[in-house]
Amino acid sequence: MLFLRSLLFLICQVISTLIFALPSVFTGLLPYRMRYSFVTLWNRCNLWCAEHICGLRYEVIGLEHVPAGPCVILSKHQSAWETYALPCLLPQTLVWVCKRELLWIPFFGWGFAVLCPIAIDRSAGRKALEQLVEQGMDRLKRGRSVVIFPEGTRVAPGEKRRYAIGGALLAERSGYPVLPIAHNAGVFWPKRGFIKRPGVIRLVIGPVIESRGKSAGDINAQVEHWIETTTAQLPQAR
């Protein structure tokens, strides 16, 4: 049954992507908020399917910590679930930092592109970092929160990667606060696993970390400590 449910969910993902892709491209003519509202219907559709087909429910803790204005969101990255969920769970208008290759994916990339993500070339080194900061500051000034996965890629539960400095540097340079997010989605939706296992994903939003007067290194260390400590306290098994 787990295989059949996961297969049905995959079919729904493909169908919803085909349905939303072309209309999303034409929303590029609309104001950003209207464009964002339409494109993220795709997220809501897939999040609903994950819950009702695969039994992937969720619990959100700490919504009271979300600031009224834009911020730099640094989140744990364990699975694809959080990429669907964050636009649906946060009241912010979000912009993603991603690898540019995602925009080359037919249909999905077309719809994603109209949300003006910060698509970087990871092989560009320092140039990519400056691009992240420059474009990130532009998006923040436009009232959009910037989402960054500081580990750079999905990391399985119980494992850890070095936290890249990019998000913290953006916060230091811009002066905007940081909103840290921890969760255990990888327990139910594995990094490279086809099977989605039923259960309750717990997503925890931490208190805002002010960036003014702090170095990027200090911000990064504080974010890493909070996210890793909080993630370790979440259930690591179904």
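1. Crossing of H5 and H6. In this predicted model, helices H5 and H6 cross with a right-handed sense. H5 covers residues 126-141 and H6 residues 166-174; their axes come within 9 Å and cross at roughly 50 degrees. The two helices are therefore oblique to each other. On the H5 side the contact is made by Arg126, Leu129, Glu130, Leu132, Val133, Gly136, Met137 and Leu140, and these meet Gly166, Leu169, Leu170, Arg173 and Ser174 of H6. Sorted by class, the H5 contact with H6 holds seven nonpolar, three polar and three charged residues.

2. Crossing of H6 and H7. H6 also packs against H7, at an angle of about 125 degrees and with the axes 8 Å apart. The crossing of H6 and H7 is right-handed. From H6 the contact uses Ala168, Leu169, Ala171 and Glu172, and from H7 it uses Ala216, Ile219 and Asn220. By class, the contact of H6 with H7 has five nonpolar residues, one polar and one charged. Leu169 is listed in the contact with H5 and again in the contact with H7.

3. Burial of H6. How many of the nine residues of H6 are buried? Seven are, so the helix is largely enclosed by the rest of the structure. The buried residues are Gly166, Gly167, Ala168, Leu169, Leu170, Ala171 and Ser174. Their cover includes H5 and helix H7 (216-233), together with strands S2 (72-75), S5 (145-148) and S6 (178-183). Just after H6, Gly175 takes a positive phi of about 85 degrees.

4. Burial of H3. Helix H3 spans residues 81-89, and eight of its nine residues are buried, so H3 is largely enclosed by the rest of the structure. The buried residues are Trp81, Glu82, Tyr84, Ala85, Leu86, Pro87, Cys88 and Leu89. The list includes a glutamate, Glu82.

5. The H1 and H2 pair. Helix H1 (residues 2-26) and helix H2 (residues 32-54) have axes that come within 10 Å and cross at roughly 170 degrees. An angle over 145 degrees counts as roughly antiparallel, which means that H1 is roughly antiparallel to H2. H1 contributes Arg5, Ser6, Leu8, Phe9, Cys12, Gln13, Ser16, Thr17, Phe20, Pro23 and Ser24 to the contact, while H2 contributes Phe38, Val39, Leu41, Trp42, Cys45, Asn46, Cys49, Ala50, Ile53 and Cys54. By class, the residues of the contact of H1 with H2 are 14 nonpolar, six polar and one charged. Residues three or four places apart in an α-helix point the same way, because there are 3.6 residues a turn.

6. Cysteines. How many disulfides does the model contain? The count comes to zero, with a cut-off of 2.5 Å between sulfur atoms. For Cys45, the closest cysteine sulfur is that of Cys49, 4.4 Å away and too far for a bond. Cys45 is partly exposed, at 29% relative accessibility. For Cys71, the closest cysteine sulfur belongs to Cys88, at 17 Å, again too far for a bond. Cys71 is buried, with a relative accessible area of 1%. Cys88 is one of the buried residues of H3.

7. Val204. This residue lies in strand S7 (residues 199-205). Is Val204 buried or exposed? At 11% relative accessibility it counts as buried, the cut-off being under 20%. Leaving aside neighbours within four places in sequence, Val204 is in contact with Ile61, Pro180, Ile181, Ala182, Trp226, Thr230 and Leu234.

8. Pro207. This proline is found in the loop between S7 and H7. At 42% relative accessibility, Pro207 is partly exposed. Not counting residues up to four places away in sequence, Pro207 touches His65, Val178, Pro180 and Trp226. Pro180 and Trp226 are also among the contacts of Val204. Between the C-alpha atoms of Pro207 and Arg122, 85 residues apart along the chain, the separation is 30 Å.

Conventions
Residues numbered from 1 in each chain as written. Predicted model: local features only at pLDDT ≥ 70, side-chain atom pairs only at ≥ 80, totals over all residues. Heavy atoms only, no water. Axes fitted to C-alpha atoms, helices over the stretch in contact; angles between N-to-C directions. Helix = DSSP H or I, 4+ residues; strand = E, 2+ residues; numbered from the N terminus. Parallel < 35°, antiparallel > 145°, perpendicular 65-115°, else oblique. Contact = heavy atoms within 4.5 Å. Nonpolar A, V, L, I, M, F, W, Y, C, P; charged D, E, K, R; others polar. Buried < 20%, exposed > 50% of the residue type's maximum accessible area, 1.4 Å probe, protein only. Left-handed = near helix turned anticlockwise from the far one by under 90°.
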